[in-house]
Amino acid sequence: MALVIMISGAVVLLFGARFYSRFLARSIGEDPARTVPSIEKADGRDYIPTPTPVVFAHHFASIAGAGPILGPVIAIIYGWVPALLWVLFGGVLLGAVHDYLATYIAVREGGHSIATIAQRLLGKNAFVAITLLIIVMLGLVCATFLRLSATALTSMLPFDRLDLTEQQTIFRVVNQDGKEMVVIGGIASMSVIIITAVAPLLGWMYLKKKVAVWKCSLLAIVICGISITVGLYRPVAFPAVTKIMGVSLTGQHIWMLILSGYVLVAAGLPVWMFLQSRDFINVHILYVGMGLLLITLITAGARGAGAAQPIPAFNIAEGTKAMGPFWPTMFIVIACGAISGFHSLCASGTTCKQVNSELAARRVGYYGMLLESFLSTCVIAALFVGASRIGYLHDVHPSMIGAAGKSNPVLGFAMAIGSSVKAAFSIPTYVGAVGGMILLEGFLVTTLDTAIRLTRYLIEEIWRVFFGKYDVFASPETKAAVSTREAEAEFTPIGAEGLPAAPMEQSFSTTTSKPIATRGIGRAVLKLMRQYWFNSSLAVAMTLAFAFSGGARALWKIFGASNQLLAAMVLTLATMWLLKKGKSIWFAAIPAIIMLTTTITALVLMGRKFIKPARGNLTLFTADVVIMLITIYLLVSCISETIRWIKLRGQHKT
């Protein structure tokens, strides 16, 4: 059955790559010869024309993260068949379309963010609204992955589940509640540290010294191998509880603070130093890991291996009891493997500034999503082969069998990989489990890198909108940026020939009048708001607030809903953009309607749960309400502007 799952998945995804992506390219007017922003605005910091394999590696590592792995792990309780169908058809018809359109439109609009494109379509207020929506969503993304990163780095299991004896010397052992437990997370932590430390060297090689990409790839593979080997012998670990200045911190808390400190620094450095180069190294672990996983599943399938009591093909009733109604819950829990709004932020935040042609935009955007969907397909197959129903429930949904402890989908994935490797090659479970842990942890941190930087970009955009009239923000650099935006707006109007482009009369972030002079405390505050570390600190503070307010499963559900809602809004904006360009819109409009209906329903259901007096969560309830209010405003704005444009078009024709 594992072979059937993977073969059917490959056929559907290859169909999308071969036929549907080309249909989309023809429909929207892709032009491989057109000059793109990475070349037109090359600055060596953000706009950098980069070879497509390198951009693909960065983009895929950024969008993949933990989403295509942990989403299916959590949601497969509804049955592996519904999960697989949503991953495949959602990926081809919704997710890849969303990613490609987000990348393509951002490239056509000068390499600007989705928020900026929203302003060009709907005006300044819409820009502020969608930017706030994205900031809240990114805070939830970062909080979810930060908490899961810390969970992965401190995960532990009893000896028997890893096929280990108490005399083993490979892993660190701790005493938890009077029971000896094996810690399998420290290996991944050392791998993350080493890869991060050498990332600037790789960036310097392929960008500054123009070393061939294949040579850099070989070096990246060697670095990954060394980092894992060192992790086996020198894992990084912290005590179960540490007191710092009178405050008791668990190992998870310490890792959350350390990772927050790292992304705070990395978010302001040139993109090639950590973000791009670290992704380039780390993606080789994913490539190799996916290859090994594929070999494992093919071998296990050929041997007819599988769990004694596997996860059922359809399990709607139990899934509903554990997670909530099948619709919309499963469709938001499996986020990144089918469709993800976060991808549009990567596409319009960093990727669109690096692709060297519109053809590359399709290959990175559409194909990147398909590879992510295939990863989710492999995860579903691994769960079918390696996860027994009881073992899966114990790790991921412990309350369903009355087990103590919190949901740990990271551990659920690692154990499924370990059992699959054992079934295929008859080797101890711990080998595959550690491999799965290393695979997952690297990409949790990679997503944090990208998400914090994107949040910083958006906070800076907000400041420029509200305070662009003051002299501190009206620096020569800002004036140059405004002039560039105005020129681009004239060169690439949103509207069709002879029709208004957008319902606004002023430029992107400032006015043409003389800047207002500032001094004293006001000037000092405005200057502070221009510092990258200040804005990065705001992003990290919001992340920590969300991370400490909820468990992994609660965070994942609201992250999934807000994430999918952003995808719905991006598809809605893409529909308007295509409409005003005189292009066909159905391939964007239908997915937009589907996802708007699904996510709004999910947010309403979660809001009712978060407000309950006994087990409510004020922080997450507030985030839920803010997201819904912003969504309502944006939908009203989209409908009003579309009606206005259609009326103007009718008048123009007459």
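D163 sits in the loop between β1 and β2. Helices (H or I, at least four residues) and strands (E, at least two) are DSSP runs, numbered from the N terminus. The model is predicted: local features need pLDDT of at least 70, side-chain atom pairs count only at pLDDT 80 or more, and totals for chains, interfaces and linings use all residues. Residues are numbered from 1 along each chain as its sequence is written, and side-chain values use heavy atoms, with hydrogens and water left out.

D163 has a positive phi, near 60°, although the residue is not glycine. Its relative accessible area is 33%, so D163 is partly exposed. Here buried means under 20% relative accessible area, exposed means over 50%, and partly exposed lies in between (1.4 Å probe, protein chains only). K210 also has a positive phi, near 55°, and is likewise a residue other than glycine. K210 belongs to the loop between α8 (186-208) and α9 (213-233). K210 counts as exposed because its relative accessibility is 64%.

Three strands form an open sheet in the order β1-β3-β2, with antiparallel pairing. β1 (156-157) and β2 (172-176) are the edge strands, each pairing on one side only. Pairing requires that DSSP find at least two bridges between two strands. β2 and β3 (residues 179-183) run antiparallel and are joined by 5 bridges. Within this pair, V183 in β3 is the bridge partner of R172.

A hairpin is formed by β4 and β5, with 2 residues between them. M245 in the turn has a positive phi of about 55°. β4 (residues 241-244) pairs with β5 (residues 247-250) in the antiparallel sense over 4 bridges. V241 faces T250 of β5.

Helix α11 covers residues 275-302 and gives the most to a nonpolar patch, with 4 residues. The patch has a surface of about 580 Å² and is made by Y287, V288, L292, I295, F425, I427 and V431. Patch residues have over 30% relative accessible area and no salt bridge; like charges are joined within 9 Å, and nonpolar side chains (Val, Leu, Ile, Met, Phe, Trp, Tyr) within 5 Å. A salt bridge places a side-chain nitrogen of Lys or Arg within 4 Å of a carboxyl oxygen of Asp or Glu. Accessible areas come from the Shrake-Rupley method with a 1.4 Å probe; for residues, only the protein chains shown count as cover. Y287 lies in α11. Its relative accessibility is 33%, so Y287 counts as partly exposed. Just after α11, G304 takes a positive phi of about 70°.

A cis peptide bond joins W327 and P328, with omega about 15°. P328 is part of helix α13 (residues 326-333).
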